[in-house]
Amino acid sequence: MIIENPQLLLQELRQSLAFPFSKHRLPSFVGRDGHLSFQGSQSKLYPSSLRLRRTRASALDGMDFSYSSGSSMLNLLPCAKFGNFVPPKWNRVLLKVSGEALSGDGQQTIDPKITMSIATEISAITRLGVQVAIVVGGGNFFRGSTWAGASGLDRATADYIGMMATVMNAIFLQASMESIGVQTRVQTAFKIAEIAEPYIRRRAIRHLEKGRVVIFGAGTGNPFFTTDTAAALRAAEINAEVMFKATNVDGVFDSDPKKNPNAALLKHVSYKDVFSKGLSVMDTTAITLCQENCIPVVVFNLRTHGNISKALMGEQIGTLIDQKGACAETVV
C-alpha cells in the first residue's frame with residue numbers, strides 16, 4: 001500500500017533517518033543497486049512513533065515512498081534523481097587496524113579518540129547494510145619479532161605475548177563501539193572464555209549476517225605469523241570482498257617517505273609489483289593469500305577521519321592493490 005502522508009514521513013526522515021514500525025521495531029538498512037530498503041514488521045507505519053537514526057538528509061531528496069505489507073519492506077525508490085546517496089561498493093569487508101595506528105601520536109598506548117573515531121565510522125557504514133569484520137594488531141603494546149631474544153624470550157613465546165596484546169586492543173575497540181550502540185563480538189584464535197568467543201568460522205559469518213561487527217583477536221593463534229597474515233586469512237575464510245589496511249601512513253610509497261622527502265604515493269599497484277619492487281605493504285604471506293583468493297587490498301591513513309567510509313564507497317584514497325595494478329598512477 002502507499003504511505004498515507006509521504007510528505008510528513010519525508011520531513012521526519014530528513015531530520016533523522018528512522019522508520020516507525022509497530023512494536024517499535026527499528027528497521028535495518030539495506031542498499032542494493034540504487035534502492036534503499038528498510039526491513040521491518042508487516043504492520044502499518046506510524047510516523048508519530050519514530051525511533052531516531054541519524055544520516056545525511058540530502059540522501060533522501062527526490063524519492064518516492066511505497067510500502068508493501070506482503071514483502072514486509074519499505075522501499076525508497078529513486079524519482080527524478082537519487083540525491084547524494086551512493087551505494088557502498090562492497091557488502092562484506094575486513095578492516096585491519098595496526099596497533100601503532102591505535103596509539104595516535106604515540107604519547108599513550110591507546111588513544112581513545114582514535115578508537116571512538118573508528119567506532120563512529122563503523123557505526124555509520126553498518127547502517128548501510130555493510131558487514132564489517134576487524135583484525136587488530138598489537139604493536140602498540142608488544143611486538144614479538146622485536147622482543148624475541150630479549151631477557152631469554154624465544155620467538156614463539158614473544159609472539160604469544162603479542163597475540164595477547166591484540167586481544168587487549170580488541171576488547172578496548174569493542175567497548176568503544178558498544179558505547180555508541182554497535183553490537184560487537186570478539187573472537188580469539190585461542191580460548192579466553194571469560195572475555196571472548198573462540199573463533200568459529202560459521203559463527204563469525206552468522207554474526208556478520210545479523211549485522212554485528214566481529215573483531216578477531218590473537219592473530220592466527222600460531223607464532224611466526226603476523227596479524228597482516230591473520231587479516232588476509234580471516235578475509236578469505238569469511239569471504240570478504242575487500243581488505244582495508246588502516247595504518248598511520250597515507251598508503252604505499254615507492255620508497256620510505258621518512259628517508260626520502262620526494263617519495264611518491266602509489267595509487268594503484270598489482271600484487272606482482274609488491275613482490276618485484278619490494279614495496280613495504282604487508283608480509284609476503286599476507287599478500288600471497290590475498291592474491292590467491294582475489295581479495296583487493298586498500299591501504300590508507302587511519303588518522304584521517306572519514307577514510308574508512310570513503311574507502312567503502314570506492315573513492316580513491318591511499319593505495320589500491322589488486323591483480324591488475326597501474327603503477328604509472330602516482331601522486332607526488
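The model is predicted. Its largest nonpolar core holds 34 residues. Strand β9 spans residues 213-217 and is mostly covered.

**The largest core**
- Seven members touch the most other members of this core: Leu 95, Ile 118, Ile 134, Met 177, Ile 215, Phe 244 and Phe 300.
- Helix α3 gives the largest share of the core, with five residues. This helix runs over residues 112-126.
- A further core lies apart from the largest one and has 30 residues. Ala 232, Met 243, Cys 290 and Val 299 are among them.

**Around Phe 300**
- Leaving aside residues up to four places away in sequence, Phe 300 touches Leu 95 and Phe 244, among others.
- Its contacts also include Lys 245, Ala 246, Thr 247, Val 249 and Asp 250.
- Further along the chain, Phe 300 meets Asn 307, Ile 308, Ala 311, Ile 317 and Gly 318.

**Strand β9: burial**
- Five of the five residues in β9 are buried.
- In a regular strand, side chains alternate between the two faces of the sheet.
- On one side of β9 sit Val 213, Ile 215 and Gly 217, all buried.

**Strand β9: partners**
- Strand β6, residues 131-136, pairs with β9 in the parallel sense over three bridges. Ala 133 has Val 214 of β9 as its bridge partner.
- Strand β7, residues 184-188, also runs parallel to β9, joined to it by five bridges. Here Thr 188 stands opposite Gly 217.

Technical notes:
Residues are numbered from 1 along each chain as its sequence is written. This is a predicted model: local features need pLDDT of at least 70, side-chain atom pairs count only at pLDDT 80 or more; totals for chains, interfaces and linings use all residues. Side-chain values use heavy atoms; hydrogens and water are left out. A nonpolar core is a set of buried Ala, Val, Leu, Ile, Met, Phe, Trp, Tyr and Cys residues joined through side-chain atoms within 4.5 Å. Buried means under 20% relative accessible area, exposed over 50%, partly exposed in between (1.4 Å probe, protein chains only). Helices (H or I, at least four residues) and strands (E, at least two) are DSSP runs, numbered from the N terminus. Contact means heavy atoms within 4.5 Å. Two strands pair if DSSP finds at least two bridges between them.
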